[in-house]
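Hi everyone, thanks for coming.

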Amino acid sequence: MNNISVVIPALNEKSNIEKLILEIYEVISTSSYIFEVIFVIGKEEILSIDKKFENLQIINRQEKHFSSALIHGITYAKNDILITLDSDGSHSFFEITNQLDYFINNKLDILIFSRYTDKSSNNENVLNVVFSKILNNILRYFSSLKLTDYSNNLRIFKKSMMSKHPYKSKHFEFLYEFLIKAKQNFPELRIAEVPTTHSKRDYGRSKKNHIYYLINYVFLIIKLRLK
């Protein structure tokens with residue numbers, strides 16, 4: 001029996017979190033796997049969960065940055081098999097758990113849910129889709145992995161893939177750095193992509209600034225290549 005840790009970084013996503021918790025526990029109530037679910041929220045945020053959910057952990061991020069919140073949740077997790085996803089309702093947890101058998105049976109190290117395979121569906125607004133496609137084409141050019149989606153947080157992977165050395169990233173570019181360092185540290189890395197359906201967020205607005213987002217990725221690529 002494999003135990004699974006679900007790690008979800010969130011910032012000012014109260015309405016989305018409450019809905020997502022219900023969805024997650026509806027799915028895992030019929031699953032053969034044992035889950036712990038970890039939300040990493042803002043320092044000053046308080047969630048009021050009416051019902052007690054087994055193995056649900058709500059912890060506060062130490063810093064405001066995305067990368068530190070995600071790493072904090074991963075470090076806190078008890079299990080080696082991890083699922084990470086966003087808190088905005090754009091991912092279907094049912095779709096994710098359907099791929100756990102595929103991940104385990106094929107002895108994968110990382111499984112990425114890609115928005116850009118032939119069978120994928122991306123329902124974000126047009127600007128987000130265009131920007132994301134351009135970004136991922138740039139990342140693909142500078143990577144030996146030749147994936148279609150480096151910047152999606154929807155993944156299943158082994159905790160042991162985390163680098164023992166500090167990451168340079170502070171924001172969403174961590175998602176790319178994690179993959180590059182995993183390949184460097186584990187040359188025989190077993191990685192695969194599966195199609196996903198990416199929906200519009202349920203509530204609120206995205207915190208991504210496209211220009212700032214791109215600049216961070218460009219600087220990361222330069223740092224990694226110089227190293």
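Let's start in helix α6, where Lys181 and Glu177 sit 4 residues apart, so about one helical turn separates them. Helices here are DSSP runs of H or I with at least four residues, strands are runs of E with at least two, and both are numbered from the N terminus.

Quick housekeeping: this is a predicted model, where local features need pLDDT of at least 70 and side-chain atom pairs count only at pLDDT 80 or more, while totals for chains, interfaces and linings use all residues. Residues are numbered from 1 along each chain as its sequence is written, and side-chain values use heavy atoms, with hydrogens and water left out.

Back to our pair. The side chains of Lys181 and Glu177 form a salt bridge, 3.0 Å from N to O. By salt bridge I mean a side-chain nitrogen of Lys or Arg within 4 Å of a carboxyl oxygen of Asp or Glu. Are these two buried or exposed? Lys181 is buried at 4% relative accessible area, and Glu177 is buried too, at 0%. The cut-offs: buried is under 20% relative accessible area, exposed is over 50%, and partly exposed is in between, using a 1.4 Å probe and protein chains only.

The count of salt bridges comes to 5. Another one joins Lys158 and Asp109, with the closest N and O atoms 3.4 Å apart. Lys158 is in strand β7 and Asp109 is in the loop between α4 and β5, so this pair ties together parts 49 residues apart in sequence. Lys158 is partly exposed at 23%, whereas Asp109 is buried at 11%. There's also a network of salt bridges linking Arg115, Glu124 and Asp149.

Now over to helix α2, residues 66-76. Its buried residues are Phe66, Ser67, Ala69, Leu70, Gly73 and Ile74. Looking down the axis of α2, they fall within an arc of 165°, so they line one face of the helix; that arc is taken from the directions from the helix axis to the C-beta atoms. Among the elements covering them are β1, β2 and our friend α6.

Last stop: α7, residues 210-226, which is where you'll find Asn216. Which residues does Asn216 touch, neighbours within four places in sequence aside? Asn216 is in contact with His171 and Glu173, contact being heavy atoms within 4.5 Å. At 14% relative accessibility, Asn216 counts as buried.

That's my tour, over to you.
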